[in-house]
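This report describes the strand pairing in a model and the residues and elements packed around it. Please have the structure open while reading.

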Amino acid sequence: SEKIISKNSDFNSAETDQPLKNAESNNEKTERKEPENQLEELKKKNLEINDKYLRLYSDFDNFRKRNAKEKIDIIKFAGQELISLMLPVLDDFERAMKATEGSPEKGLNLEGIQLIFQKLKNTLLQEGLREMEIKEGEFNSELHEAITKVTVQEKDLKGKIIDVLEKGYYLNDKVIRHAKVVIGN
C-alpha cells in the first residue's frame with residue numbers, strides 16, 4: 001500500500017507539476033511582453049503627468065499675472081472715490097469764477113478763487129485726473145450722458161452735442177464721470 005501511495009503521490013505530483021510548468025512558461029511570455037507594456041504604460045503616464053504639470057503651471061502663471069494686474073489697478077485707482085467726491089467742488093469753483101466775471105467787484109475775489117481753483121485742479125491732475133474733451137460735438141454713449149434734447153434748425157447739429165452741462169473726467173484712462181450734455185434733435 002505504501003508503494004501505491006508513493007506511486008499515487010508521484011502521479012499526483014506529475015499532474016500538478018505539468019500545470020505549474022505551463023503556467024511558468026506563460027508567465028515567461030507575459031514577463032517578456034510586460035516590459036514592453038510597462039514601458040508603454042509608463043510613457044502614457046509620463047505624458048499625462050507632463051500635461052497636468054503644464055496645465056497647472058500655466059494656471060499658476062495666469063493667476064500670478066492676474067494678481068499682479070489687480071494689485072496695480074488697486075494702487076492706480078485707490079483715490080478714485082475721493083477724487084469723485086472732489087469733482088463737484090471743482091465744478092462749483094468753475095461756476096463761481098464764471099459768476100464773478102461779470103461782477104464790478106471781480107478783482108480780488110476772482111483772483112483768490114482762481115488761485116484756489118488752480119491749486120485744487122493741479123493736485124487732482126497729479127493724481128491722474130484728466131478732463132474729458134468733447135470732440136467736434138460728436139455724441140458717444142460710452143463717454144457722454146444725454147440729459148435732454150433740444151430742437152435745432154440746422155440739420156448738421158441733429159444728434160450732435162449742443163451744450164455741455166457738466167464736464168466728464170477720466171482717472172488714469174478710466175471714465176469716472178460721464179459728461180452730461182444736451183443733444184440737438
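How many bridges join strand 2 to strand 6 (residues 179-184), and do these strands run parallel or antiparallel? Six bridges join them, and the two strands run parallel. Strands here are DSSP E runs of at least two residues and helices are H or I runs of at least four residues, both numbered from the N terminus; two strands pair if DSSP finds at least two bridges between them.

The model is predicted: local features need pLDDT of at least 70 and side-chain atom pairs count only at pLDDT 80 or more, while totals for chains, interfaces and linings use all residues. Residues are numbered from 1 along each chain as its sequence is written, and side-chain values use heavy atoms, with hydrogens and water left out.

(Axes are lines fitted to C-alpha atoms, for helices over the stretch in contact, and angles run from 0 to 180 degrees between N-to-C directions.)

Glu166 is found in strand 3. Its relative accessible area is 18%, so it counts as buried (under 20%; exposed is over 50%, partly exposed in between; 1.4 Å probe, protein chains only). Leaving out residues up to four places away in sequence, Glu166 touches Asp91, Arg95, Arg177, Ala179 and Lys180, where contact means heavy atoms within 4.5 Å.

**Sheet 1-4-5**

Another open sheet has three strands in the order 1-4-5, with antiparallel pairing. Strand 1 (129-131) and strand 5 stand at its edges with a single partner strand each, so one side of each is left without a neighbour in the sheet. The twist averages 40 degrees from one strand to the next.

Strand 1 pairs with strand 4 over three bridges. Strand 4 (residues 169-171) also pairs over three bridges with strand 5 (residues 174-177). Strands 4 and 5 form a hairpin with two residues between them, and Asn172 in the turn has a positive phi of about 50 degrees. Helix 2 (residues 80-101) lies across strands 1, 4 and 5, at about 55 degrees to strand 5.

| Residue | Bridge partner | Strand of partner |
|---|---|---|
| Leu129 | Leu171 | strand 4 |
| Lys149 | Ile183 | strand 6 |
| Tyr169 | Arg177 | strand 5 |
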